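Q: Got a model open here. Can we go through it together, starting with confidence?
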Amino acid sequence: MYNNLGNQAGPTGMQGPTGNPQPSPFGNAFYGAGSGLIRGGLGAYGERFLGSSSEFMQSNISKYFSNPQYYFQVNDQYVRNKLKVILFPFLHRGHWTRITEPVGGRLSYKPPIFDINAPDLYIPFMAFATYIILAGFSFGLEGKFTPEALSIQFTRGLAGWFMQVLLLKGLLYSLGGVEAPLLDMVAYGGYTFTGLSLTMLARLCWSSSYYVVMVSTSFLMGVFLLKTMKRVLFTEMRSYEKHSSRQHYLLLFMVIAQFPLFWWLGKIRAG
Amino acid sequence: MAKEFAVRPVIFPSSTGNPNVPQHSRHPGAASAPPFQPPRPTAPGPANPSIPFMSFDVGAASASSSFSAPVFASVSTGGGGHFSVPGSFEDEPPLLEELGINTRQIWRKTLSILNPFRVKPDLHEDADLSGPFLFLMAFGLFQLLAGKFHFGIILGWVTVAALFLYVVFNMLAGRNGNLDLYRCLSLVGYCMLPMVILSAASLFVPHGGVLIFSMAAVFVLWSTRVCTGLLVELASGGDEHRGLIAYACCLVYLLFSLLIIF
């Protein structure tokens, strides 16, 4: 199941020899893993686009997007356990660090199937869609359902996701230019929709529980993000900058910022 | 292959035993060239020069494999080929065949969806969009009867849903995922049948009651089961992710049930 693609261009910025992402392994990734999608999507033009401009793509895309296929190597058991970790981070007994393995001379992270702490993109996408559908049900039960309202909620959800990613990226940036792949941050940002979906479900079942559930899920999401970002910073930063008070204040700000974000995303306002 | 001129001479049907048959059924090595043969570059691909590109025979170009055979059969008898000149209108293939709509196949596929417990993937091997189109029109019509004008929304949402499923399935399946968008759209459209039935039934059920919710739950599960079964059987790489794909399908059909219930 784990196709050793030999590149894992995603987790750059590891301690140790990072260097530039080598072009050929990444080219492999495009032709190998994402090729099903790309082959189907580009169809007849695939050869033209991928063949002639592969160098362009390799040099530019790899700067922004690590291999997205890495984030979808999941299975049922991983999804179940990861949901438990996201929603109740206090119960996670083990450590929070990701398992690394030397791959082709560079250290890279193991994919989500093998490592509960690895981020994935399946859960965020599904959680986002669940959030939209539950929002639709909430609209409907109040009698205010229109498809346009649902589209507005979709856009609002996307904006919330974007703000969350911005927050995480800003945190990393202001703490010293730590290199972490963008898709990792997108994944961590998208995990908020699991807690949010739970909140909306609770509101559907019993409306007076809404505030309690919302406060608790936003707090738990804050804790989850705190532990995750702490681990990310810990592995990436130079040793003399660890445990600075600036770091702690910024992390605290990140946790506190979860509350207004959840409140804003949970507000069902027929546009 | 003999040298070809840019413009073929027009040869009207005469007493010659070689009627004007369309290009692709021309007997190999025929002496007289058929009329209106567009200039063709050196025959690419297959060595048989008597199968040029289809310019007139729309039916065969878009037909599913199940009835390209009769088209060939009817033409190769040489009885009266189909021409493109007027005056031979009755010899053209039937419209539905030309359009590639095989009603028998659509009916068979529809019947196979009706049974949620036994999935027949071989019927759905060749994807087509005419069945889904009919279902979506029926869906829109039933919604219209309920007072909601949702045609454009249904079209848009089906597209987005098919795209979503396509991305999720191929990403999960990884290297050996070979679902293509056309087939995905076709499957999503065919598995809309329970939703169409639900929208018809919702016309007679009181709005907002428990009955409509429970019916919707049943129909969504029906759709999900059929769609997951077909997706996993028809495209490779999906079997170890059955539950994950089932959840994605469930979300798609829940979205459409929202349109029906509220």
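Q: What is the pLDDT over residues 41-46 of chain B, and how many contacts beyond four places in sequence are there?
A: This is a predicted model. pLDDT (the predictor's confidence in each residue, from 0 to 100) stays under 50 there.

Q: What does chain B average?
A: A pLDDT of 77, with 69% of the residues at 70 or above. For the complex, the predictor gives an ipTM of 0.74 and a pTM of 0.72.

Q: Switching to α5(B). Which residues are buried?
A: B:Phe135, B:Leu136 and B:Phe139 are among them. Buried means under 20% relative accessible area (1.4 Å probe, protein chains only). Helices are DSSP runs (H or I, at least four residues), numbered from the N terminus.

Q: What do they pack against?
A: α4, α6, α7, α8 and α10 of chain B.

Q: Which residue just after α5(B) takes a positive phi?
A: B:Gly147, at about 95°.

Q: Now chain A. At what angle do α7(A) and α10(A) pack?
A: About 35°, with axes 11 Å apart. Axes are lines fitted to C-alpha atoms over the stretch in contact, and angles run from 0 to 180 degrees between N-to-C directions.

Q: Which residues make the contact?
A: Including A:Leu168 and A:Leu171 of α7(A), and A:Met229 and A:Val232 of α10(A).

Q: How are residues numbered, and what are the limits?
A: Numbering runs from 1 along each chain as its sequence is written, and chains are lettered from A in the order in which they are written. Local features need pLDDT of at least 70, side-chain atom pairs count only at pLDDT 80 or more, and totals for chains, interfaces and linings use all residues.

Methods:
Heavy atoms only, no water. Buried < 20%, exposed > 50% of the residue type's maximum accessible area, 1.4 Å probe, protein only. Helix = DSSP H or I, 4+ residues; strand = E, 2+ residues; numbered from the N terminus. Contact = heavy atoms within 4.5 Å.
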